[in-house]
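Dear colleague,

Please find below the structure that I am handing over to you. The sequence and the model come first, and my notes on them come after.

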Amino acid sequence: MLKNLDQKRPIFTTPQRKQINDLDSLPYYDRSLVDYEKYHKYIGHAGVKYSVAVQATRGCPYRCFYCDVYKTTLHHFRRSVDNIFEEVKLLASLGVKRIEFIDDIFNVKAKDFKEFFRLVLKHKLKLNFFFPSALKGDLLDKEGVDLMVEAGALGVNISLESGSDRMQTVMRKYLNLDKFYENARYITEKYPHIVLGLNAMHGFPTETEKEAMMTLDFIKSLKWIHFPYLLTVRVFPNTVLEKFAREQGISDEIIKKSQDLSYEDVAPSLTFSQDFTKAVKTIFLKDYVLNKERLLSVLPYQMESFCEDELNQKYNSYFPTKVKTLDDLLKLARIKRSELKKQKCLNEEGLRILNLNTKIKQKFPVVKKNNDALNILFMNLSGYFTEDTDSQERVLMEPPLGLISILSYLNREYKEKINGKIVKSRLDFDGYPEMVKMIKDFEPDIIGISVMTFYKDFVHRAINYIREHGIETPIFLGGPYPTGDYKQVLQDQNLDICMLGEGELTLTELVSYMMNNGNKLPSIDILKKIPGIAFSENNFRIQSVSR
Ligand code: B12
Ligand code: SF4
């Protein structure tokens with residue numbers, strides 16, 4: 001859907017902006033900026049409802065060759081344990097019972113990891129914790145695991161990716177597989193109620209069939225993982241993996257295909273024959289996932305901790321095409337409910353947070369805005385419209401923390417001078433006409449869009465629709481997609497500026513220039529002074545202000 005792809009428009013990139021290193025200096029995320037009660041009808045990133053996401057760290061010290069997190073946040077910085085704890089305590093005071101940490105690796109520093117849980121225990125907070133992005137399995141130890149479980153950890157993911165030491169080196173993950181195994185086994189045996197998820201990948205360039213089977217055997221040796229994932233390797237643009245795949249002779253066509261698929265799609269792998277991939281996935285599914293002994297063991301624990309609607313949504317997202325509900329899963333595995341140690345799931349009433357939005361508004365009071373405040377509409381387009389879903393996309397509804405962070409920051413800096421609104425596709429507007437109506441009603445001076453690479457075609461389609469409906473508001477694109485691929489993104493003449501990496505400081509600076517220019521874009525000369533952005537000098541909306 002990129003317009004004028006072959007024109008190769010010249011792109012101007014300003015110097016990289018320095019990453020924010022003092023994370024304690026950022027304001028707490030203003031939770032009143034989104035409607036949490038609306039989000040809580042769905043499961044979020046942690047696969048549960050009624051949870052609230054917290055970010056304790058930014059960036060990852062590791063450099064796995066398939067991952068592009070380092071492009072947004074090159075360095076790994078952490079908030080102080082006290083700062084994280086105070087935010088968690090504040091959320092607990094609102095009635096929140098489930099906290100999910102969205103950090104790439106929450107346990108990079110074992111001392112902080114343990115210190116946090118000690119504080120939770122000391123203050124007797126009754127919370128459950130989830131680590132959906134995965135803890136680093138070989139950095140855990142028994143003391144850390146015991147502490148996190150005692151403090152309320154319930155959903156723990158760990159990432160294996162491959163059970164082969166050679167592949168660990170090739171992909172630069174360098175997991176200590178023995179230590180990883182020891183910890184995973186400790187959790188499964190001592191704490192079977194912990195909903196352990198394990199991520200593994202299939203089809204790395206140069207991976208041999210023997211190595212793929214090693215990964216499968218590694219998973220099979222753990223009794224039992226609640227949510228094992230064996231996903232097909234995907235290549236993000238401009239990653240080390242992309243270069244490596246090309247060097248190994250993998251065609252651009254296959255690489256491109258992998259980019260457009262969700263991890264869960266049964267995609268042809270980069271490396272193996274379709275027959276081999278199918279055989280591996282079938283063994284994984286039959287021998288492990290649908291293994292009756294496993295399901296009879298893990299399901300009662302899951303039913304004890306989650307309500308039926310959560311498990312329905314969770315299993316629907318785990319098997320996007322085949323299974324809509326827990327009962328469908330039981331049918332598929334030929335299990336009768338009566339065979340389970342527990343027949344009923346947790347009662348949802350106990351999970352609901354009463355009057356959450358009202359309580360949030362009391363803690364985060366809304367500031368009245370000036371009539372001439374700069375209107376900024378933030379749209380998170382990481383989620384297809386119902387009518388647009390064209391893959392086995394998992395429907396997870398997570399408030400866009402990146403946009404919440406930016407608007408919390410702008411509000412602190414500009415107070416009544418800035419009027420921001422955050423909306424998410426599918427949740428706040430579920431179709432193109434509704435999107436255009438919402439934009440026209442809000443009359444923004446800027447539209448700021450956040451998007452992941454997976455949704456790139458969708459975002460270009462949406463922006464094209466916006467322009468076709470006569471909206472000429474400047475559009476800024478931020479998040480992993482433009483950060484990783486801005487040269488390609490800017491071939492689309494419909495959008496104006498890519499904001500690279502963290503957005504708080506860059507947008508605050510750009511907005512200050514706009515406020516001094518009657519809420520209009522500043523001139524090209526000024527834009528060129530703002531670190532962390534890219535744009536095309538041929539862009540007519542940018543040119544028109546410089547004339
Ligand atoms: C929470 C999360 C999700 C949530 C949704 C998040 C949302 N609301 O959009 C859910 C669970 C739905 C999700 C889904 C997926 N995710 Co995800 N997810 C994350 C996670 C863990 C945290 C995101 C976050 O809140 N970060 C914290 C905030 C503060 O950072 P941020 O979002 O990057 O925002 C900052 C900057 O990017 C920038 N910025 C962002 N937007 C904008 C906009 C403007 C205008 C400006 C100026 C700046 C700006 O400023 C922000 C503040 O500094 C990240 C990992 C990570 N480290 O970020 C992965 C991550 C974003 N996900 C990723 C992926 C691949 C996926 C999936 C595609 C995986 C899959 N299953 O196939 C799926 C989507 C498809 C699907 N539904 O199946 C990748 C994206 C890589 C890429 N190049 O796109 C990441 C980076 C993980 C990784 N290690 O690879 N994800
Ligand atoms: S995959 Fe995870 S551990 Fe590896 S670099 Fe990315 S965030 Fe870090």
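Predicted model: local features only at pLDDT ≥ 70, side-chain atom pairs only at ≥ 80, totals over all residues.

**The surroundings of ligand 1**

Ligand 1 is surrounded by 44 residues, and the closest are Asp68, Asp104, Ser450, Thr453 and Glu504. By class, 18 residues of this shell are nonpolar, 15 are polar and 11 are charged. Four elements, namely α2 (69–72), α16 (401–414), β12 (446–450) and β13 (475–478), each supply at least two residues of the shell. Of the contributions to the shell, that of α16 is the most, with 4 residues.

Asp68 has a polar side-chain atom 2.8 Å from a nitrogen atom of ligand 1. Arg234 places a polar side-chain atom 3.0 Å from an oxygen atom of the ligand. With Thr453 the backbone takes part: one of its polar backbone atoms is 2.8 Å from an oxygen atom of ligand 1.

Around ligand 2 are Cys60, Tyr62, Arg63, Cys64, Tyr66, Cys67, Asp104, Ile105 and Lys173. By class, this shell holds 6 nonpolar and 3 charged residues, and no polar ones.

**Aromatic rings**

Across the whole structure, a search finds 38 aromatic pairs. One of them joins Tyr315 and Tyr318: the ring centres are 6.4 Å apart and the planes stand at 75°, so the pair is edge-to-face. Both residues belong to helix α13 (residues 308–318), and because they are 3 residues apart in that helix, about one helical turn separates them. Tyr315 counts as buried at 1% relative accessibility, and Tyr318 is buried too, with a relative accessible area of 11%.

Phe385 and Phe458 also form an edge-to-face pair, with 5.1 Å from centre to centre and 85° between the planes. This pair links distant parts of the chain, 73 residues apart: Phe385 lies in the loop between β10 (374–380) and α16, while Phe458 lies in helix α18 (residues 456–468). Phe385 is buried, with a relative accessible area of 0%, and Phe458 is buried at 1%.

Ring pairs also link Phe85, Phe101, Phe106, Phe113, Phe116, Phe117, Phe129 and Phe131 into a cluster. Elsewhere, Lys314 lies over the face of Phe227, at 4.4 Å from the ring centre.

**Helix α9**

Which residues of helix α9 (residues 240–247) are buried? They are Leu241, Glu242, Phe244 and Ala245. Viewed down the axis of α9, these buried residues fall within an arc of 165°, so they line one face of the helix. The face turned away from the buried side carries the exposed residues Lys243 and Glu247.

Asn494 is found in the loop between α19 (480–489) and β14 (497–499), and is buried, with a relative accessible area of 7%. The side chains of Asn494 and Asn464 are joined by a polar contact of 3.2 Å. Between Asn494 and Glu468 there are 26 residues of separation in sequence and 9.6 Å in space, C-alpha to C-alpha.

Gly144 sits in helix α5 (residues 142–151) and counts as buried at 2% relative accessibility. Gly144 and Phe476 are 332 residues apart along the chain, and their C-alpha atoms are separated by 42 Å.

The peptide bond from Lys223 to Trp224 is cis, with omega near -5°. Trp224 lies in the loop between α8 (209–220) and β9 (227–232).

Finally, two residues other than glycine deserve a note on their phi values. For Asn238, phi is positive, near 60°; Asn238 lies in the loop between β9 and α9 and is partly exposed, with a relative accessible area of 41%. For Arg426, phi is positive as well, near 75°; Arg426 lies in the loop between β11 (418–424) and α17 (432–442) and is partly exposed at 22%.

With kind regards

Terms used. Residues numbered from 1 in each chain as written. Chains lettered and ligands numbered in written order. Heavy atoms only, no water. Near = heavy atom within 4 Å. Polar contact = N/O pair within 3.5 Å; in protein donor to acceptor, adjacent residues only side chain to side chain. Nonpolar A, V, L, I, M, F, W, Y, C, P; charged D, E, K, R; others polar. Phe/Tyr/Trp six-rings, centres within 6.5 Å; stacked < 30°, edge-to-face > 60°. Buried < 20%, exposed > 50% of the residue type's maximum accessible area, 1.4 Å probe, protein only. Lys NZ or Arg CZ within 6 Å of the ring centre and 35° of its normal. Arc of directions from axis to C-beta.
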